[in-house]
Amino acid sequence: MPRLGVKELQAILAHAFPDAEVPHVEEVTDESVTVSYAVTDRHGRPGGTLSGPVMMSLADTSAWVAIMSQIGPVVLAVTTSLHIDFLRKPQLTDLMARTRMLKLGRHLAVVDVDLYSRGETELVAKAQVTYSIPPSQSK
């Protein structure tokens with residue numbers, strides 16, 4: 001069962017990144033966390049597609065949020081690995097991330113992330129993100 005819900009996770013994001021445009025936490029369940037990012041024309045690249053760094057950023061941030069949902073506000077958890085496969089051209093619309101915890105250990109967490117354009121079902125990218133959890137904060 002998640003320890004933190006939508007409102008708590010959104011507050012953690014806003015506090016941890018006060019000067020950034022943070023994603024929106026849409027849903028938290030026992031199995032997943034869904035996060036969205038508002039995409040504008042400035043996030044595009046030539047060819048009318050969404051830039052890779054935007055997709056990588058949402059994959060990383062949504063994994064961090066998924067971990068916080070399970071262990072609480074351990075904001076010093078850091079990325080140790082991020083692998084992403086770009087599968088198809090995303091639309092210039094909100095980017096969605098659906099996460100699933102593959103492993104939550106005392107020192108490492110591994111999160112599976114599906115990225116898709118809002119309103120679409122086909123994945124635009126698939127990522128796996130590993131985070132290091134600080135020893136004094138581990139579960």
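Reader: What should I know before reading the numbers?

Author: Residues are numbered from 1 along each chain as its sequence is written, and side-chain values use heavy atoms, without hydrogens and water. In this predicted model local features need pLDDT of at least 70 and side-chain atom pairs count only at pLDDT 80 or more, while totals for chains, interfaces and linings use all residues.

Reader: What average pLDDT does the protein chain have?

Author: pLDDT is the predictor's confidence in each residue, from 0 to 100. The protein chain averages 92.

Reader: How many residues of strand β7 are buried?

Author: Strands are DSSP runs of E, at least two residues, numbered from the N terminus. Buried means under 20% relative accessible area, exposed over 50%, partly exposed in between (1.4 Å probe, protein chains only). In β7 (residues 108-117), nine of the 10 residues are buried, so the strand is largely enclosed by the rest of the structure.

Reader: Which strands pair with β7?

Author: Two strands pair if DSSP finds at least two bridges between them. β6 (residues 95-104) runs antiparallel to β7, with nine bridges. β8 is also antiparallel to β7, joined by eight bridges.

Reader: Which residue forms a salt bridge with D114?

Author: A salt bridge is a side-chain nitrogen of Lys or Arg within 4 Å of a carboxyl oxygen of Asp or Glu. K126 meets D114 at 2.5 Å, N to O. K126 is in strand β8 and D114 in strand β7, 12 residues apart. D114 counts as buried at 15% relative accessibility, whereas K126, at 27%, is partly exposed.

Notes. Helix = DSSP H or I, 4+ residues; strand = E, 2+ residues; numbered from the N terminus.
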